[in-house]
Amino acid sequence: MDLDNYLLKNSKEDQISSIVKSLANAAIKISNIIRSLKPYESISKSDTKLNADGDIQKPLDIISDEIILNFLKKSPAAGYASEEQEGYIDLKNNNNFIVFADPLDGSSNIDVNVSIGTIFSIMSKNKLPLEKAFIQNGNHQKSSGFFVYGPQTTLFITVGVGTSLFALNEIQGKFILIKDNITIPETTTEFAINAAYRRFWDSTTLKYITECQNGKSGSRKKNFGMRWVGSLVADASRIFNRGGIFLYPSDMREKYKNGRLRLTYEANPIAFLVEQANGAATNGHKNILDLEVNELHQRSPLIFGSKEEVLEYKKS
Ligand code: AHG
Ligand code: MN
Ligand code: MN
């Protein structure tokens, strides 16, 4: 089944289907650009421009943002908010749905041929003015997903009826369904965290990770392995496929006391997909989808994946 037919079957709103198709076309274009670059041609150069959140913007971040915006302009989306834009963009129509995106996730992996991706979230405007619509909490999402530009170009998507995996057939230029109703295994022995920040962790994270590392001889009585790609989309793909727990907690660094990842276009869309796949996503205290949004680029701790481990983290 291709993405068009999947949406016809599962999406209750034509406007949402149409927005998803536009995002898929944007992703195909981004994927082609990434693949067509000459090996080792620097696509990041050392550009020192900063985005709204103070992170370095690379040319491919900006190109991806422009491509998405151009496709959305031809779609029924009423507004667009992105990591690469300070405020939301009013697409000047009276339609119902707004889009959030991280146009290119995994910036540090752009130049090294490691998977990167595009994350999106679609919400209903609920008749609110745009400035209010863009700060609704994650429970208002109608669809979310992410594309991965890796060995294959893939899409994990939910329209509220489970999480599904598609892969791009490059010859047909179509996303083909690979797996429906994805279930994240409830137990796991694999964790993902940037352990270089250990000295900045709070007592919960320190206790949880130390117990994982103690393995069979510790209180957990099982050995763990560790994987950290450094692209949220790639780490999430692995967890949807075989389980695991991902942690980007708050830590003592001044900039990251609320974690590093952004709530509206990173944590919320991933949390929606995770819950639809029988996993859990928390900031350590509350479900990600229940978190109040105060501003577009707000950061949040994000811990997600196999249910039992997320619970174990919360108990630590
Ligand atoms: P982005 O490239 O959109 O800024 O996101 C990068 C994120 C995420 O993909 C990854 O999990 C995390 O940053 C890695 O952070 P560290 O470099 O601190 O490990
Ligand atoms: Mn990102
Ligand atoms: Mn990004």
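Predicted model: local features only at pLDDT ≥ 70, side-chain atom pairs only at ≥ 80, totals over all residues.
**Ground rules.** I number residues from 1 along each chain as its sequence is written, and letter chains from A and number ligands from 1 in the order in which they are written. Local features need pLDDT of at least 70, side-chain atom pairs count only at pLDDT 80 or more, totals for chains, interfaces and linings use all residues, and side-chain values use heavy atoms, with hydrogens and water left out.

**Metal site.** I looked up the manganese ion (ligand 3) and found Glu-83 (OE), Asp-102 (OD) and Leu-104 (O) coordinating it at 2.1 to 2.2 Å. Donors here are N, O and S atoms within 2.8 Å of the metal (3.2 Å for Na, K and Ca); water is not among the atoms, so sites may look incomplete. Asp-102 also bridges to the manganese ion (ligand 2), and the two ions lie 3.8 Å apart. I then checked burial, where buried means under 20% relative accessible area, exposed over 50%, and partly exposed in between (1.4 Å probe, protein chains only). Glu-83 is buried at 6%, and Asp-102 is buried at 0%.

**Rings.** My search of the whole structure gave 14 aromatic pairs. Rings of Phe, Tyr and Trp (its six-membered ring) pair if their centres lie within 6.5 Å; planes under 30 degrees apart are stacked, over 60 edge-to-face, and the rest tilted. Phe-146 and Phe-240 make a tilted pair, with centres 6.2 Å apart and planes at 35°. Both Phe-146 and Phe-240 are buried. I also noted a cluster in which ring pairs link Tyr-197, Trp-228, Phe-246, Tyr-248 and Phe-304. Tyr-197 is partly exposed at 22%, while Tyr-248 is buried at 6%.
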